[in-house]
Amino acid sequence: MKGIVLAGGSGTRLHPITQAVSKQLLPVYDKPMIYYPISVLMLAGIREILIISTPADLPNFQRLLGGGDQFGLRLSYAEQAAPNGLAEAFVIGADFIGDDNVALVLGDNIFYGRGFSGRMQQEVSSLDGCVLFGYQVKDPRRYGVGETDETGRLISIEEKPSEPKSDKAITGLYFYDNDVVEISRGLKPSARGELEITDVNLTYLRQGRAKLIDLGRGFAWLDTGTHDSLLEAGQFVQVLEHRTGVRIACLEEVALRMGFIDADECLALGRKLSKSGYGDYVVEVARAAGGGQ
(Lines give C-alpha, C1' and ligand atoms only; values in the text may rest on other atoms or scores of the structure.)
Protein backbone atom coordinates (compact mmCIF):
# COMPACT_ATOMS: atom_id res chain seq x y z
CA MET A 1 0.00 0.00 0.00
CA LYS A 2 1.08 3.54 -0.78
CA GLY A 3 0.12 6.63 1.18
CA ILE A 4 -1.01 10.17 0.38
CA VAL A 5 -0.98 13.15 2.74
CA LEU A 6 -3.31 15.87 1.49
CA ALA A 7 -1.87 19.12 2.82
CA GLY A 8 -3.44 21.67 0.50
CA GLY A 9 -6.06 24.33 1.01
CA SER A 10 -5.65 27.93 2.04
CA GLY A 11 -6.37 27.57 5.78
CA THR A 12 -8.83 30.46 5.74
CA ARG A 13 -10.25 29.53 9.14
CA LEU A 14 -6.79 30.14 10.61
CA HIS A 15 -6.16 33.53 9.02
CA PRO A 16 -4.06 35.59 9.51
CA ILE A 17 -1.48 32.99 10.66
CA THR A 18 -1.88 30.93 7.47
CA GLN A 19 -1.52 33.85 5.07
CA ALA A 20 2.24 33.30 4.90
CA VAL A 21 2.66 29.63 5.84
CA SER A 22 0.76 26.41 5.17
CA LYS A 23 -1.50 25.24 7.97
CA GLN A 24 0.22 21.85 7.92
CA LEU A 25 3.58 23.49 8.69
CA LEU A 26 2.29 25.19 11.84
CA PRO A 27 3.56 23.72 15.12
CA VAL A 28 1.42 21.37 17.15
CA TYR A 29 3.37 21.72 20.38
CA ASP A 30 6.88 20.46 19.50
CA LYS A 31 6.71 19.43 15.86
CA PRO A 32 5.18 20.50 12.53
CA MET A 33 1.58 19.48 12.05
CA ILE A 34 2.40 17.28 9.04
CA TYR A 35 4.53 14.98 11.24
CA TYR A 36 1.33 13.60 12.79
CA PRO A 37 -0.37 12.29 9.61
CA ILE A 38 2.96 11.05 8.21
CA SER A 39 3.48 9.06 11.41
CA VAL A 40 0.03 7.45 10.96
CA LEU A 41 1.00 6.16 7.51
CA MET A 42 4.34 4.91 8.84
CA LEU A 43 2.60 3.07 11.68
CA ALA A 44 0.44 1.35 9.05
CA GLY A 45 3.67 0.05 7.51
CA ILE A 46 3.61 2.44 4.54
CA ARG A 47 6.97 3.70 3.25
CA GLU A 48 6.09 5.31 -0.11
CA ILE A 49 4.22 8.57 0.52
CA LEU A 50 3.00 11.36 -1.76
CA ILE A 51 2.55 14.81 -0.24
CA ILE A 52 0.05 16.99 -2.10
CA SER A 53 -0.03 20.71 -1.45
CA THR A 54 -0.36 24.07 -3.16
CA PRO A 55 2.28 25.27 -5.64
CA ALA A 56 3.33 28.03 -3.20
CA ASP A 57 3.68 25.73 -0.17
CA LEU A 58 5.20 22.61 -1.74
CA PRO A 59 8.83 23.89 -1.66
CA ASN A 60 8.55 24.38 2.10
CA PHE A 61 7.47 20.76 2.63
CA GLN A 62 10.37 19.63 0.45
CA ARG A 63 12.75 21.76 2.52
CA LEU A 64 11.43 20.21 5.74
CA LEU A 65 11.25 16.56 4.69
CA GLY A 66 13.45 16.11 1.61
CA GLY A 67 13.27 12.72 -0.06
CA GLY A 68 12.39 10.98 3.20
CA ASP A 69 15.35 8.61 3.13
CA GLN A 70 16.45 9.83 6.59
CA PHE A 71 13.27 8.15 7.90
CA GLY A 72 13.54 5.11 5.62
CA LEU A 73 10.78 6.54 3.41
CA ARG A 74 10.38 7.46 -0.25
CA LEU A 75 8.62 10.82 -0.38
CA SER A 76 7.17 12.30 -3.56
CA TYR A 77 5.46 15.66 -4.06
CA ALA A 78 2.61 16.90 -6.25
CA GLU A 79 0.65 20.10 -6.65
CA GLN A 80 -3.05 20.69 -6.13
CA ALA A 81 -3.49 24.04 -7.84
CA ALA A 82 -6.87 24.76 -6.24
CA PRO A 83 -8.92 23.16 -3.44
CA ASN A 84 -10.96 20.95 -5.78
CA GLY A 85 -11.91 18.31 -3.24
CA LEU A 86 -10.31 15.45 -1.33
CA ALA A 87 -11.02 12.88 -4.04
CA GLU A 88 -8.87 14.84 -6.50
CA ALA A 89 -5.89 13.45 -4.57
CA PHE A 90 -6.39 10.11 -6.34
CA VAL A 91 -6.52 11.77 -9.76
CA ILE A 92 -3.40 13.83 -9.05
CA GLY A 93 -1.67 10.79 -7.55
CA ALA A 94 -2.76 8.21 -10.14
CA ASP A 95 0.74 7.61 -11.55
CA PHE A 96 2.19 7.47 -8.03
CA ILE A 97 -0.44 4.91 -6.93
CA GLY A 98 0.06 2.73 -10.01
CA ASP A 99 -1.45 -0.70 -9.39
CA ASP A 100 -1.26 -0.50 -5.60
CA ASN A 101 -3.81 0.10 -2.87
CA VAL A 102 -3.65 3.50 -1.20
CA ALA A 103 -4.24 5.24 2.12
CA LEU A 104 -5.24 8.90 2.28
CA VAL A 105 -4.78 10.94 5.44
CA LEU A 106 -5.64 14.60 5.83
CA GLY A 107 -2.74 16.81 6.80
CA ASP A 108 -4.54 18.44 9.73
CA ASN A 109 -5.75 15.26 11.48
CA ILE A 110 -4.11 13.80 14.59
CA PHE A 111 -4.73 10.22 15.73
CA TYR A 112 -3.52 8.70 18.97
CA GLY A 113 -4.48 5.46 20.68
CA ARG A 114 -3.26 2.15 21.99
CA GLY A 115 -3.00 -0.64 19.42
CA PHE A 116 -3.63 1.69 16.47
CA SER A 117 -0.59 0.55 14.50
CA GLY A 118 -1.52 -3.13 14.70
CA ARG A 119 -5.14 -2.44 13.78
CA MET A 120 -4.13 -0.46 10.71
CA GLN A 121 -1.65 -3.11 9.57
CA GLN A 122 -4.37 -5.74 9.92
CA GLU A 123 -6.74 -3.71 7.73
CA VAL A 124 -4.01 -3.07 5.15
CA SER A 125 -3.29 -6.79 4.82
CA SER A 126 -6.95 -7.79 4.41
CA LEU A 127 -8.25 -4.80 2.42
CA ASP A 128 -11.14 -5.43 0.05
CA GLY A 129 -12.84 -2.22 -1.03
CA CYS A 130 -12.57 0.67 1.40
CA VAL A 131 -11.99 1.00 5.13
CA LEU A 132 -13.04 4.15 6.97
CA PHE A 133 -12.39 5.01 10.61
CA GLY A 134 -15.21 6.24 12.84
CA TYR A 135 -14.97 8.21 16.05
CA GLN A 136 -17.71 8.84 18.59
CA VAL A 137 -18.54 12.55 18.77
CA LYS A 138 -20.84 14.63 20.92
CA ASP A 139 -22.52 16.47 18.03
CA PRO A 140 -22.55 14.23 14.92
CA ARG A 141 -24.61 16.80 13.03
CA ARG A 142 -21.35 18.68 12.34
CA TYR A 143 -19.72 15.73 10.56
CA GLY A 144 -20.04 13.07 7.91
CA VAL A 145 -21.66 10.20 9.82
CA GLY A 146 -21.43 6.47 9.17
CA GLU A 147 -23.98 3.83 10.18
CA THR A 148 -22.96 0.15 10.33
CA ASP A 149 -24.61 -3.21 10.78
CA GLU A 150 -23.54 -5.65 13.51
CA THR A 151 -20.60 -6.91 11.40
CA GLY A 152 -19.11 -3.44 10.90
CA ARG A 153 -20.20 -3.23 7.27
CA LEU A 154 -21.13 0.32 6.37
CA ILE A 155 -24.80 0.68 5.45
CA SER A 156 -25.20 4.46 5.22
CA ILE A 157 -23.21 7.69 5.05
CA GLU A 158 -24.73 11.10 5.61
CA GLU A 159 -23.06 14.50 5.44
CA LYS A 160 -23.96 16.73 8.39
CA PRO A 161 -27.37 15.09 8.94
CA SER A 162 -30.08 16.92 10.86
CA GLU A 163 -31.09 13.60 12.46
CA PRO A 164 -27.96 11.41 12.64
CA LYS A 165 -28.39 7.63 12.54
CA SER A 166 -25.27 7.16 14.66
CA ASP A 167 -22.72 9.15 16.65
CA LYS A 168 -19.76 7.93 14.56
CA ALA A 169 -18.02 10.72 12.65
CA ILE A 170 -15.94 9.62 9.67
CA THR A 171 -12.38 10.76 10.30
CA GLY A 172 -9.75 11.98 7.85
CA LEU A 173 -8.10 8.58 7.32
CA TYR A 174 -9.18 6.34 4.44
CA PHE A 175 -7.90 3.00 3.04
CA TYR A 176 -8.86 2.06 -0.53
CA ASP A 177 -8.13 -0.66 -3.03
CA ASN A 178 -6.84 0.36 -6.46
CA ASP A 179 -10.36 0.89 -7.84
CA VAL A 180 -10.38 4.29 -6.12
CA VAL A 181 -8.40 5.82 -8.99
CA GLU A 182 -11.01 5.04 -11.64
CA ILE A 183 -13.87 5.83 -9.26
CA SER A 184 -12.38 9.27 -8.61
CA ARG A 185 -11.74 9.91 -12.28
CA GLY A 186 -15.40 9.22 -12.97
CA LEU A 187 -16.77 11.65 -10.40
CA LYS A 188 -18.57 14.83 -11.34
CA PRO A 189 -17.94 17.96 -9.27
CA SER A 190 -20.49 18.63 -6.55
CA ALA A 191 -22.56 21.80 -6.20
CA ARG A 192 -19.56 23.44 -4.52
CA GLY A 193 -17.32 22.48 -7.44
CA GLU A 194 -15.35 19.73 -5.69
CA LEU A 195 -14.69 16.03 -6.19
CA GLU A 196 -16.20 14.75 -2.95
CA ILE A 197 -14.67 11.94 -0.91
CA THR A 198 -18.21 11.08 0.24
CA ASP A 199 -19.11 10.21 -3.36
CA VAL A 200 -16.14 7.83 -3.47
CA ASN A 201 -17.24 6.21 -0.23
CA LEU A 202 -20.85 5.94 -1.43
CA THR A 203 -19.66 4.08 -4.54
CA TYR A 204 -17.97 1.46 -2.35
CA LEU A 205 -21.04 1.44 -0.10
CA ARG A 206 -23.32 0.59 -3.04
CA GLN A 207 -20.93 -2.22 -3.99
CA GLY A 208 -21.15 -3.61 -0.45
CA ARG A 209 -17.40 -3.15 -0.02
CA ALA A 210 -17.25 -0.40 2.60
CA LYS A 211 -16.25 -0.98 6.22
CA LEU A 212 -16.20 1.39 9.19
CA ILE A 213 -13.76 0.74 12.03
CA ASP A 214 -14.86 2.16 15.37
CA LEU A 215 -11.78 3.71 16.97
CA GLY A 216 -13.43 3.23 20.34
CA ARG A 217 -13.23 4.82 23.76
CA GLY A 218 -9.86 5.95 25.00
CA PHE A 219 -8.77 6.93 21.51
CA ALA A 220 -8.04 10.53 20.49
CA TRP A 221 -8.88 12.06 17.12
CA LEU A 222 -8.25 15.77 16.69
CA ASP A 223 -8.42 18.06 13.74
CA THR A 224 -6.68 21.39 13.82
CA GLY A 225 -8.68 23.59 11.50
CA THR A 226 -9.52 26.44 13.89
CA HIS A 227 -7.54 28.55 16.34
CA ASP A 228 -9.17 26.83 19.31
CA SER A 229 -8.69 23.29 17.98
CA LEU A 230 -5.07 24.03 17.07
CA LEU A 231 -4.38 25.23 20.60
CA GLU A 232 -6.24 22.28 22.12
CA ALA A 233 -4.26 19.82 20.02
CA GLY A 234 -0.99 21.39 21.19
CA GLN A 235 -2.10 21.23 24.81
CA PHE A 236 -3.18 17.59 24.40
CA VAL A 237 0.22 16.63 22.99
CA GLN A 238 2.05 18.64 25.67
CA VAL A 239 0.19 17.05 28.57
CA LEU A 240 0.53 13.53 27.19
CA GLU A 241 4.23 13.89 26.46
CA HIS A 242 5.00 15.46 29.85
CA ARG A 243 3.05 12.78 31.73
CA THR A 244 4.39 9.76 29.83
CA GLY A 245 7.84 10.91 28.71
CA VAL A 246 7.01 9.62 25.22
CA ARG A 247 6.76 11.94 22.21
CA ILE A 248 3.80 11.50 19.86
CA ALA A 249 4.55 11.36 16.12
CA CYS A 250 8.32 11.55 16.50
CA LEU A 251 9.18 10.39 12.97
CA GLU A 252 12.70 9.33 13.93
CA GLU A 253 11.38 7.08 16.70
CA VAL A 254 8.55 5.69 14.57
CA ALA A 255 11.04 4.87 11.81
CA LEU A 256 13.24 3.06 14.33
CA ARG A 257 10.35 1.12 15.92
CA MET A 258 9.03 0.09 12.49
CA GLY A 259 12.46 -1.10 11.36
CA PHE A 260 12.78 1.53 8.62
CA ILE A 261 16.10 2.77 10.08
CA ASP A 262 18.53 1.32 12.62
CA ALA A 263 19.63 2.71 15.99
CA ASP A 264 22.82 4.30 14.65
CA GLU A 265 20.91 6.12 11.92
CA CYS A 266 18.40 7.31 14.52
CA LEU A 267 21.24 8.51 16.74
CA ALA A 268 22.72 10.55 13.88
CA LEU A 269 19.33 12.20 13.26
CA GLY A 270 19.02 13.08 16.94
CA ARG A 271 22.49 14.60 17.08
CA LYS A 272 21.60 16.95 14.22
CA LEU A 273 18.82 18.33 16.43
CA SER A 274 20.75 18.13 19.68
CA LYS A 275 20.22 21.74 20.75
CA SER A 276 16.51 21.04 21.20
CA GLY A 277 14.61 18.89 23.67
CA TYR A 278 13.22 17.00 20.69
CA GLY A 279 16.73 16.14 19.50
CA ASP A 280 17.78 15.06 22.99
CA TYR A 281 14.78 12.72 23.08
CA VAL A 282 15.72 11.14 19.72
CA VAL A 283 19.27 10.59 21.00
CA GLU A 284 17.92 8.90 24.15
CA VAL A 285 15.62 6.64 22.12
CA ALA A 286 18.47 5.65 19.80
CA ARG A 287 20.86 4.91 22.66
CA ALA A 288 18.23 2.82 24.44
CA ALA A 289 17.98 0.77 21.22
CA GLY A 290 21.76 0.25 21.09
CA GLY A 291 22.83 3.22 18.99
CA GLY A 292 26.46 4.32 19.30
CA GLN A 293 27.63 1.07 20.86
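This is a predicted model: local features need pLDDT of at least 70, side-chain atom pairs count only at pLDDT 80 or more; totals for chains, interfaces and linings use all residues.
Me: What makes K168 and D167 a salt bridge, and how are the two classed?

Reply: The closest N and O atoms of K168 and D167 are 3.0 Å apart, so this pair also meets the distance condition. K168, at 19%, counts as buried, while D167, with 26%, is partly exposed.

Me: Why is it said that R209 and D128 tie together parts that are apart in sequence?

Reply: These residues form a salt bridge in which the closest N and O atoms are 3.4 Å apart. R209 lies in the loop between α7 and β12, and D128 in the loop between α5 and β8, so the pair joins parts that are 81 residues apart in sequence. Helices (H or I, at least four residues) and strands (E, at least two) are DSSP runs, numbered from the N terminus. D128 has 56% relative accessibility and so counts as exposed. The structure holds 19 salt bridges, and D30, K31, E241 and R247 are linked in a network of them.

Me: How many aromatic pairs are there, and why is the pair of F116 and F219 called edge-to-face?

Reply: The whole structure has 10 aromatic pairs. Their ring centres (Phe, Tyr, or the six-membered ring of Trp) must lie within 6.5 Å, and planes under 30 degrees apart count as stacked, over 60 as edge-to-face and the rest as tilted. For F116 and F219 the centres are 4.9 Å apart and the planes stand at 70°, so the pair is edge-to-face. Because F116 lies in helix α5 and F219 in the loop between β12 (210-214) and β13, the pair ties together parts 103 residues apart in sequence. Both residues are buried.

Me: Why is the pair of Y135 and W221 called edge-to-face?

Reply: The ring centres of Y135 and W221 are 5.8 Å apart and their planes are at 70°, so this pair is edge-to-face too. Y135 lies in strand β8 (residues 130-136) and W221 in strand β13, so the pair ties together parts that are 86 residues apart in sequence. Y135 is buried, and so is W221.

Me: How do you know that the charged end of K2 sits over the ring of F96?

Reply: The condition is that NZ of Lys or CZ of Arg is within 6 Å of the ring centre and within 35 degrees of the ring normal. The charged end of K2 is 5.4 Å from the centre of the F96 ring, so the distance is inside the limit.

Key:
Residues are numbered from 1 along each chain as its sequence is written. Side-chain values use heavy atoms; hydrogens and water are left out. Buried means under 20% relative accessible area, exposed over 50%, partly exposed in between (1.4 Å probe, protein chains only). A salt bridge is a side-chain nitrogen of Lys or Arg within 4 Å of a carboxyl oxygen of Asp or Glu.
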